[in-house]
Amino acid sequence: MTYIEKTLQLNDPLNFWQAFDQSDDRFFWYGQGKIIIGAGISDEPDAPYRFYWQDFFDSEKKELLSFKHYFVMTEGRQSYYYSGKAVEILEQEIPLKQHDIAEEVSDYASWQRLFDRIMTAIQSGQAEKIVASRQLSYTSPEDFDIPSILKKLMLSNPENFVFAFDNGSETFLGASPEILVQKENSAILSYALAGTASKASDPDGQMLLADPKNKAEHAIVVKKIRDKMQAKAQQVSTSELHLMSLKNVFHLRTLIQAEDDATSSLTDWASFLHPTPALGGEPSDVALKLLKEHEGYERGHYAAPLGVLDSEGNGTIIVGIRSATIKDNQLTAYAGCGLVAGSDCQAEFDETQVKLKTILEAL
Ligand SMILES: C=C(O[C@@H]1C=C(C(=O)O)C=C[C@H]1O)C(=O)O
């Protein structure tokens, strides 16, 4: 083992994030009671964790990164793993900041154009479902404060996975509710997460659970993930359809599980399942081609696989939704939703507005 372990007792784990130079690559992960922070790229073969990311469209663009320094917090116990020289972690109060953001210009006209294109493809039978998205830009008079945003994301979204990847020049961060694939030895799990209602209009989610359009949209995702899992693993099972309750929305969720003794790696699984019809569409090739041509921006990390693997190769890969890219005082946020026959342009736009709140409420 080239890593040395030291016990820490930080009042705020974000002090670890802060301890590294702005030019160091860093990643942050919070989910299922665990916090993992990595800093300073390393080529050590025996890192305790590795961080994975993949581009949304370009499957060749992906990386599995190891770091020199790790902060790991599980069940209240904190460890610092380092290879080389330890860095002193100073304890400071990390204040919650309120950013004074300038309103974005309305993009409804371009949303309507994209919506019309997609609905034409759906109505002519070329596709069953296509997930359209928006990119919005915001400016703050001061640089955005990443630790403050991460803290707010964790406080408001305990059910989500909060993540950040800082490549030394910009930060991609968010609070995603959606597991693309989780692996615990031979046990594989994926979420079919599609179908959304705002809590403001459907306070207990019962309208969503009974809604035929949302259920049909959801069923497309379940079928695709289940069929794909069946091609690669045994004992594929699906849970009952149920609600996932988040801060501002409910989603329809079905858990899909399988046993894989054939030793496909977690990252193989991620590349195999991505993009599910929850983020791309069905058929996938038709949806991706249309999105590439007409969405009007490059998705990059948005809706793309991103996650953490331990030294045994077990871990969790989520999709980078409810997310934003931040560079200094500029922020670009993303939100999308699935379009199917019967979708309404204004209602879908409103759904993306509610999804954007995950990021906007953390600023
Ligand atoms: C595309 C996004 O979310 C996805 C789309 C959903 C939907 O259309 O109902 C629900 C959850 C996610 O799979 C997003 O948040 O940007």
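**Charges over rings**

I began with lysine 199 and found its charged end over the ring of phenylalanine 250, 4.9 Å from the ring centre. I then looked up lysine 232, whose charged end sits over the ring of phenylalanine 272 at 4.8 Å from its centre. A reminder to myself: this is a predicted model.

**Aromatic pairs**

How many aromatic pairs are there? I get a count of 21 aromatic pairs. I picked out phenylalanine 16 and phenylalanine 20, which make a tilted pair with 5.2 Å from centre to centre and 55° between the planes. Phenylalanine 16 counts as buried because its relative accessibility is 0%. Phenylalanine 20, at 6% relative accessibility, counts as buried too.

Phenylalanine 16 also pairs with phenylalanine 71: the ring centres are 5.6 Å apart and the planes meet at 40°, so I noted this pair as tilted. Which parts does this pair tie together? Phenylalanine 16 belongs to helix H1 (residues 14-18) and phenylalanine 71 to strand E5 (residues 62-74), so the pair links parts that are 55 residues apart in sequence. Phenylalanine 16 and phenylalanine 71 are both buried.

I also listed one aromatic cluster, formed by Tyr3, Phe27, Tyr49, Phe51, Trp53, Phe67, Tyr70 and Phe165.

The largest nonpolar core has 77 residues, and Trp29, Tyr70, Ile118 and Val181 have the most contacts inside it. Which element gives this core its largest share? Helix H2 (residues 108-123) does, with 7 residues. I noted a second, separate core of 38 residues, with Met73, Phe144, Ala164 and Ala335 among its members. As background, nonpolar side chains in soluble globular proteins tend to be buried together.

**Serine 42**

Next I looked up serine 42, which has its place in strand E3 (residues 34-42). Is serine 42 buried or exposed? Serine 42 is buried, because its relative accessible area is 14% and the cut-off is under 20%. Leaving out residues up to four places away in sequence, I find serine 42 touching Tyr3, Ser66, Phe67 and Lys68. For one of these, phenylalanine 67, I noted a C-alpha separation of 4.7 Å from serine 42, although the two are 25 residues apart along the chain. The side chain of serine 42 also reaches the backbone nitrogen of glutamate 44, at 2.9 Å.

**Helix H3**

I checked helix H3 (residues 146-156) and found 9 of its 11 residues buried, so the helix is largely enclosed by the rest of the structure. Which residues are the buried ones? They are Ile146, Pro147, Ser148, Ile149, Leu150, Lys151, Lys152, Leu153 and Met154. At the start of H3, I saw a side-chain oxygen of aspartate 145 reaching to within 3.0 Å of the backbone nitrogen of serine 148.

**Around the ligand**

Last, I turned to the ligand, which has 19 residues surrounding it; Glu178, Thr196, Tyr302, Arg322 and Gly336 are the closest. From the side chain of glutamate 178, an N or O atom is 2.5 Å from an oxygen atom of the ligand. Glycine 336 uses its backbone: an N or O atom there lies 2.8 Å from a ligand oxygen. For glycine 338, I noted a polar backbone atom 2.9 Å from an oxygen atom of the ligand.

Conventions:
Residues are numbered from 1 along each chain as its sequence is written. This is a predicted model: local features need pLDDT of at least 70, side-chain atom pairs count only at pLDDT 80 or more; totals for chains, interfaces and linings use all residues. Side-chain values use heavy atoms; hydrogens and water are left out. A nonpolar core is a set of buried Ala, Val, Leu, Ile, Met, Phe, Trp, Tyr and Cys residues joined through side-chain atoms within 4.5 Å. Buried means under 20% relative accessible area, exposed over 50%, partly exposed in between (1.4 Å probe, protein chains only). Helices (H or I, at least four residues) and strands (E, at least two) are DSSP runs, numbered from the N terminus. Rings of Phe, Tyr and Trp (its six-membered ring) pair if their centres lie within 6.5 Å; planes under 30 degrees apart count as stacked, over 60 as edge-to-face and the rest as tilted. A charge sits over a ring if NZ of Lys or CZ of Arg is within 6 Å of the ring centre and within 35 degrees of the ring normal. Contact means heavy atoms within 4.5 Å. A polar contact is a pair of N or O atoms within 3.5 Å; within protein, one must be able to donate a hydrogen and the other to accept it, and residues adjacent in sequence count only if both atoms are side-chain atoms. A residue is near a molecule or strand if one of its heavy atoms lies within 4 Å of it.
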